[in-house]
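Have the structure open beside you as you read.

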Amino acid sequence: MCEPAVAEVRRLFPAAEVTLLVKTPVAELFAHHPAVSRILVYEDRERHAGLGGKWTLSSQLRRQGFDLAILFQNAFEAALLSFLAGIPRRYGYATDGRGLLLSDPVPVPDRTAVAHQVHYYWDLLKPLGATGRAGTPQLFLGDQEKEAMARRLAEAGIADGDLVIGLNPGSTYGGAKRWLPERFAEVADRLVRDSEGKGRTIRVVIVGAGGEEALGQSIAGLMETGPSVKPVVLSGRTSIRELMAVVHRCALFLTNDTGPMHIAAAFDVPVVAVFGPTDWRTTSPFGGLHRVVRQPVDCAPCLLRECPIDHRCMTRVTVGQVYDAAFELLQRGREARGERLGARFEHLAPSPLPPAPLAGTTVFLDRDGTVNHDTGYVKGPEELVLFPGVVEAVACLKRAGARVVLVTNQSGVARGLIAPAALEAIHARLRSLLEAGGTTLDGLYVCPHHPDDGCPCRKPRTGLVDRAIAELGLDRSSAYVVGDQRRDIELGWNIGARTVLVTTGPTSEEALVSLRADGTPPDAVAGNLGEAVEWIFRNAGSLRRGAPLRDVTWAGRGLR
């Protein structure tokens, strides 16, 4: 996550010799990096251990005659080493009590403003002249490394033309970050089955660190693939450079929140990342072609290594959610990743995949009165009754490449009318009804506060949408808001989205009259969610006026 900042150092000092002082794993990651002149290895557990080792290292650094030290690490010892080395200019965040050791202490960013780690490192360079925003991290492999891994995979039965899906089910940080092994296996099985009879072969490669060999073998054993497409288990059997080469070969990477997740993102490999106890806002895969799958439980992010209760942040992430995200990325991969991935896909289908007509589009849906009957307060899962055609409408949007996010005010929680557990059960039923129809939501965001609380998340305020955009990497510029009340339309105005009022709510007609009287009508009015989806397709230029929605095709399938 520090790589964009390292690349920016080279841009800021194009004629300088840029040296990295890093531990062995990081040294391997940055080999072949064009921004780096050389790498010094910090052997903190061997010859650089203890006070004597630190003095030895600082003396080595002093002999190099460095002019400037940029301390991306927050650790006290990083500042101490650069100070003892006599480096005249020492930049770093003034944290961990090291301010006096820095010649140019940089104020620590506001802790209450959540920012991705990529931006945290990038912002450290602003006093040195960095401007704009950080780019996407990148890593680099040599041709010989790629060729060596291709030979190794070929020996395991994976041909050059096979589509490779990587599974990374472990986590050296602790068990709390691990999604369930049997669910990794089931998602992989479904993706493999999808490819049967379609002119392409999907092969699964399981990777992991030393000590995760048994986990990799257990997932391979749980998979139901035939011998011709048996998964290849490389857990604990690769160096870091070899791991990079494996990941680089993948067309999709399914993972927990781990280091290999960031390696995949740096190689522009589409990533589906399952997040539980860690903070997706700060450490999610950076870039556009990735999906974070998580359940918004009250206790996350806790950052604990092991869950002290029921591991609900992971057990509530369903196979359907992860599969849908993986399927979408595989379908969109060629268009979004450009020529390199396009060449990889070229021979895998009888004809090229057309672009998804709603790729890059986000549709924010209201709940009560839009998706389901509004009974005043839906107090339990048995009271949730979807309108006819809702599942099909959501599935249509998803198959067309749109992201679908539900945002709902539920003040009944603050009023004591709906128990938090009941609300979770209601939304579990909603997800199960959608999954039964072969689809799912990309996100579901709730404001549980009382209208008098003045919270930033209650519609028409934008807090829920702001969270969704930050967490899911959505594009605000191509968004739609669909709802049955005035506040839904006002939310659309507030985020600059196009708006559709559906007349399925008990007060929809009054809302429409009020909006028209104010001279601020919605962009469209629809009799139900299905009609709203048809209008979205037409507005996006994907459906000719007067044509039924079934006339739209994508990837050879009708959208119904």
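A search of the whole structure, which is a predicted model, finds 25 salt bridges.

**Helix to helix: Arg241 and Glu145**
- Arg241 and Glu145 join through their side chains in a salt bridge, with an N to O distance of 2.8 Å.
- This pair ties together distant parts of the chain, 96 residues apart: Arg241 sits in helix H9 (residues 240-249) and Glu145 in helix H6 (residues 143-155).
- Arg241 has a relative accessible area of 10% and is buried, while Glu145, at 21%, is partly exposed.

**Strand to loop: Arg403 and Asp442**
- A salt bridge also connects the side chains of Arg403 and Asp442, at 3.2 Å from N to O.
- Here too distant parts of the chain are linked, 39 residues apart: Arg403 belongs to strand E13 (residues 403-409), and Asp442 lies in the loop between helix H15 (420-436) and strand E14 (443-447).
- Arg403 counts as buried because its relative accessibility is 5%, under the 20% cut-off.
- Asp442 is buried as well, with a relative accessible area of 18%.

**Arg281 and Asp279**
- In the salt bridge between Arg281 and Asp279, the closest N and O atoms are 2.9 Å apart.
- Asp279 is buried, at 13% relative accessible area, whereas Arg281 is partly exposed, at 32%.

**A network**
- Which residues are linked in a network of salt bridges? They are Arg294, Arg467 and Glu471.

Technical notes: Residues numbered from 1 in each chain as written. Predicted model: local features only at pLDDT ≥ 70, side-chain atom pairs only at ≥ 80, totals over all residues. Heavy atoms only, no water. Salt bridge = Lys/Arg side-chain N within 4 Å of Asp/Glu carboxyl O. Helix = DSSP H or I, 4+ residues; strand = E, 2+ residues; numbered from the N terminus. Buried < 20%, exposed > 50% of the residue type's maximum accessible area, 1.4 Å probe, protein only.
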